[in-house]
Amino acid sequence: MADKNIEIKLKGVRLSFLHAFEPQKFVDKDTGVVRWSYNTNILVPKKLEDGSKNPMVKVLSEAMKEVIEAKWPGQEKKIPTERRCVRDGEPIDQDTVDSDVPGSGSRYALYDGYEGHYYVSAAQAVESETSPNPVQLLGPKKTAKREDGTPCFPRIRKEDGLLYSGCWADVIIRVYAYDGTKNNYPNRVNASLEAIKFVRHGEAFSAKPIDADAAFDEEEDDEGFNGSGPAAASRPADDDGIG
């Protein structure tokens, strides 16, 4: 049986720890080898709005099983949870587990927004900090055109402000098994990040730039703004205005 990868489209999901415009740097703590990748965590709800199980969870689980069997046929290869691309966003706190009580232990969310979710860790490795971005980053509608005139999605730039941790998107990944024994690395089940299409804005998980012009209301002042009001006149020249 040949190696394989399985392409999966995840629709209407939120992105977390997104590095879509500059690659993230990783340094191997044992070898010192530097690696770079464009990557994100993709949040997949465990249940749908009606309370039923999310069928996408089974799709992801079956994909991991299939690529493991394709890579190591008949060996029932065991890949630990921490080396799989799909993980529980609210794992069991081992300090709360009672060894005499099966199924005991309380769950906790790893990060903001991870409650009730699994997450897919997906990445595209590149050679250096200046390598071209292999991940296709797309706008929500086909408002652009190819050279032959057919409609296509416009490519998103960082300054467009559409892709950030917390936004909603459609994502294409490829799940595959990795045999790391030849390079002295552990075996893994990975997900390559192929394409991200912006769907809609969401509450940012962290550090989304503030649009101050939209956040504040304009003040009504008949005297206009010239910086010469009482506060400016009474402030000492060396006062930085803080405090």
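Start by selecting Phe17, which is partly exposed, with a relative accessible area of 40%. The model on screen is a predicted one. Phe17 sits in strand 1, and its phi is positive, at about 50°, although the residue is not a glycine. Most residues other than glycine have a negative phi.

**The whole chain**

Now show the whole chain as a cartoon. Followed along the sequence, they come in the order β-β-α-β-β-β-β-β-β-β-α-α. The chain has 243 residues, of which 32% count as buried. Among contacts between residues at least 6 apart in sequence, 66% join residues at least 24 apart.

**The nonpolar core**

Hide the surface and select Leu10, Ile42, Val120, Val171, Ile173, Val175 and Ile196. These are the residues with the most contacts inside the largest nonpolar core, which has 40 residues. Which elements each supply at least two residues of this core? They are strand 1, strand 2, helix 1 (55-71), strand 4, strand 8 and strand 9. Strand 1 gives the largest share, seven residues. In soluble globular proteins, nonpolar side chains tend to be buried together.

Keep Ile196 selected and display what surrounds it. Leaving aside neighbours within four places in sequence, Ile196 is in contact with Leu15 and Leu18, with the run Val135, Gln136, Leu137 and Leu138, and with Leu163, Ala169, Asp170 and Val171.

**The largest pocket**

Next, turn to the largest pocket, which holds about 1,300 Å³ of space. To find its centre, select Phe26, Arg35, Ala123, Arg188 and Asn190, the closest to that point among the 41 lining residues. Colour the strands that each supply at least two lining residues: strand 1 (5-27), strand 2 (34-45), strand 4 (117-126), strand 8 (168-178) and strand 9 (188-200). How many of the lining residues are nonpolar, polar and charged? The lining divides into 19 nonpolar, 13 polar and nine charged residues.

Select Lys77, in the loop between helix 1 and strand 3. Is Lys77 buried or partly exposed? Lys77 is partly exposed, because its relative accessible area is 29%, and a residue counts as buried only under 20%. Not counting residues up to four places away in sequence, Lys77 touches Ile68, Trp72 and Asn187. Draw a distance from Lys77 to Asn187: the two are 110 residues apart in sequence, yet their C-alpha atoms are 9.5 Å apart in space.

Move on to Val97, which is in the loop between strand 3 (86-88) and strand 4. Val97 has 36% relative accessibility and so counts as partly exposed. With residues up to four places away in sequence set aside, Val97 touches Ile92, Ser104 and Gly105.

The last stop is Gly116, also in the loop between strand 3 and strand 4. Gly116 is partly exposed, with a relative accessible area of 29%. What does Gly116 touch, not counting residues up to four places away in sequence? Display Val44, Pro45, Lys46 and Glu90 to see these contacts. From Gly116 to Val44 the separation is 72 residues in sequence and 8.6 Å in space, C-alpha to C-alpha.

Terms used: Residues numbered from 1 in each chain as written. Predicted model: local features only at pLDDT ≥ 70, side-chain atom pairs only at ≥ 80, totals over all residues. Heavy atoms only, no water. 1 Å grid on protein atoms, 1.4 Å probe; cavity = no way out; pocket = protein on both sides within 12 Å on 5 of 7 lines; lining within 4 Å. Points joined across faces, edges and corners; volume = space filled by probe spheres on them. Helix = DSSP H or I, 4+ residues; strand = E, 2+ residues; numbered from the N terminus. Nonpolar A, V, L, I, M, F, W, Y, C, P; charged D, E, K, R; others polar. Buried < 20%, exposed > 50% of the residue type's maximum accessible area, 1.4 Å probe, protein only. Contact = heavy atoms within 4.5 Å. Core = buried A, V, L, I, M, F, W, Y, C linked by side-chain atoms within 4.5 Å.
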